[in-house]
Amino acid sequence: MTAILSASELMSDLAGTTPPVLLDIRWQLGGPGQRPAYEAGHLPGAVYVDLDRELAGPVSETGLGGRHPLPEPEEFGAVMRRAGVSADAPVVVYDGGQGWAAARAWWLLRWTGHGRVRVLDGGLPAWTAAGGELTTEEPAPGEGDFKPNPGAMEVLDADGAAALARTGILLDARAGERYRGEVEPIDRVGGHVPGAVSAPTTENVGPDGRFLTVPTLRSRFAALGVGDGAAGGAAVGVYCGSGVSGAHEVLALALAGIPAALYAGSWSDWSSDPGREIATGGSAG
């Protein structure tokens, strides 16, 4: 099963005998929660899930662990069960179109062992462009039975990311100017993990926010030195600012047939430790 589906495919699935659970993961970096946007109109049957509160754990006072630490698996499982997620039932996640937040939910469900989760390619704009209706009616889903079993997706900590940058390929999914340290609007200091390769997530999609074709993605990653790890290529890892857009890059790599680990704390974790080396400059990828 591919990790994404089109709006037309979702329409067909929703009309079938086993419609997927729909999760609305709209989110705005540094902005307010998106529940008001959800209440103003969402896909019929979709349940809103707040990324900052429900798809991340508490932020430490030191900043170590990053701005979006991984949630405790049992707490994440409880959120998913309240949303109606069951172990063997299909799930589709979507956001406002950028894909980052939906990919975070996709990655967390995959990490905790759910094998039937997909991302709506292009998000809510793709749905409405295909003629899909929106509703303001909020569903009351029955309790799901999903029980998290973390470990299905590889996770890196700071030391693991540093090691992979030396022995494999560590991709930096942030904008090129943040990688080079020219600007840093969010975290303590700009720059990148020494040895990391710039690979902005925004270059995995077209102007409409939908993923590039699989051959195009493979060519993009090959140009960055990434091959299929299952075929003997170097191990691959990804980080971003706080583990959100990095999940989108992991998803793009998965579409290209390349398994990749996620440095969940990402730059917000790395840069919180003044003892860690920071590199600047370099190619924009």
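Here are some friendly notes on a predicted model, with points to look up in the structure as you read.

1. **Helix 9 and its buried face.** Start with helix 9, which covers residues 214-223. Which of its residues are buried? They are Leu 217, Arg 220 and Phe 221. Looking down the axis of helix 9, you will find these buried residues within an arc of 90 degrees, so they line one face of the helix.

2. Pro 215 and Ala 223 are exposed residues on the face of helix 9 turned away from its buried side. On the buried side, the cover includes strand 7 (169-172) and helix 10 (245-255). After helix 9 comes Gly 225, which has a positive phi, near 90 degrees.

3. Side chains of opposite charge can pair when their charged atoms come close. Arg 220 does this with Glu 249: the two form a salt bridge in which the closest N and O atoms are 3.9 Å apart. Arg 220 belongs to helix 9 and Glu 249 to helix 10, so the pair ties together parts that are 29 residues apart in sequence. Are these two partners buried or exposed? Arg 220 has a relative accessibility of 12% and counts as buried, and Glu 249 is buried too, with a relative accessible area of 0%.

4. **Arg 174 and its partners.** Arg 174 counts as buried at 3% relative accessibility, and Asp 172 counts as buried at 0%. Arg 174 also forms a salt bridge with Glu 184, where the closest N and O atoms are 3.6 Å apart. Glu 184 sits in the loop between helix 8 (176-180) and strand 8 (197-198), while Arg 174 sits in the loop between strand 7 and helix 8, so this pair ties together parts that are ten residues apart in sequence.

5. Where is Ser 242? Look in the loop between strand 9 (236-239) and helix 10. Ser 242 is buried, with a relative accessible area of 5%. Leaving out residues up to four places away in sequence, Ser 242 touches Arg 67, His 68, Arg 104, Ala 264, Gly 265, Ser 266 and Ser 268. Arg 174 is 68 residues from Ser 242 in sequence, and the C-alpha atoms of the two are 9.9 Å apart in space.

6. Ser 266 is not a glycine, yet its phi is positive, at about 55 degrees. You will find Ser 266 in helix 11, which runs over residues 266-270. At 0% relative accessibility, Ser 266 counts as buried.

7. **Helix 4.** Helix 4 takes in residues 73-82, and its buried residues are Phe 76, Gly 77, Val 79, Met 80 and Arg 81. Among the elements covering them are strand 2 (21-24), helix 3 (51-54) and helix 5 (100-111). Just after helix 4 comes Gly 84, with a positive phi of about 95 degrees.

8. **The largest cavity.** How many cavities of 30 Å³ or more does the structure hold? There are two. The largest cavity has a volume of about 60 Å³. Its lining includes Asp 95, Gln 98, Val 119, Leu 120, Asp 121, Phe 211 and His 248. Sorted by type, the lining of this cavity has three nonpolar, seven polar and two charged residues.

9. **The second largest cavity.** This cavity has a volume of about 30 Å³. Among the residues that line the second largest cavity are Arg 26, Trp 27, Gln 28, Tyr 48, Asp 50, Leu 51 and Asp 52. Its lining divides into four nonpolar, four polar and three charged residues.

Note on methods. Residues are numbered from 1 along each chain as its sequence is written. This is a predicted model: local features need pLDDT of at least 70, side-chain atom pairs count only at pLDDT 80 or more; totals for chains, interfaces and linings use all residues. Side-chain values use heavy atoms; hydrogens and water are left out. Buried means under 20% relative accessible area, exposed over 50%, partly exposed in between (1.4 Å probe, protein chains only). Helices (H or I, at least four residues) and strands (E, at least two) are DSSP runs, numbered from the N terminus. The arc is that of the directions from the helix axis to the C-beta atoms. Contact means heavy atoms within 4.5 Å. On a 1 Å grid over the protein atoms alone, a cavity is a set of points where a 1.4 Å probe fits but cannot get out, and a pocket is an open set with protein on both sides within 12 Å along at least five of seven lines; lining residues have an atom within 4 Å of a point. Grid points are joined across faces, edges and corners, and a volume is the space filled by probe spheres set on the points. Ala, Val, Leu, Ile, Met, Phe, Trp, Tyr, Cys and Pro count as nonpolar, Asp, Glu, Lys and Arg as charged, and the others, Gly among them, as polar. A salt bridge is a side-chain nitrogen of Lys or Arg within 4 Å of a carboxyl oxygen of Asp or Glu.
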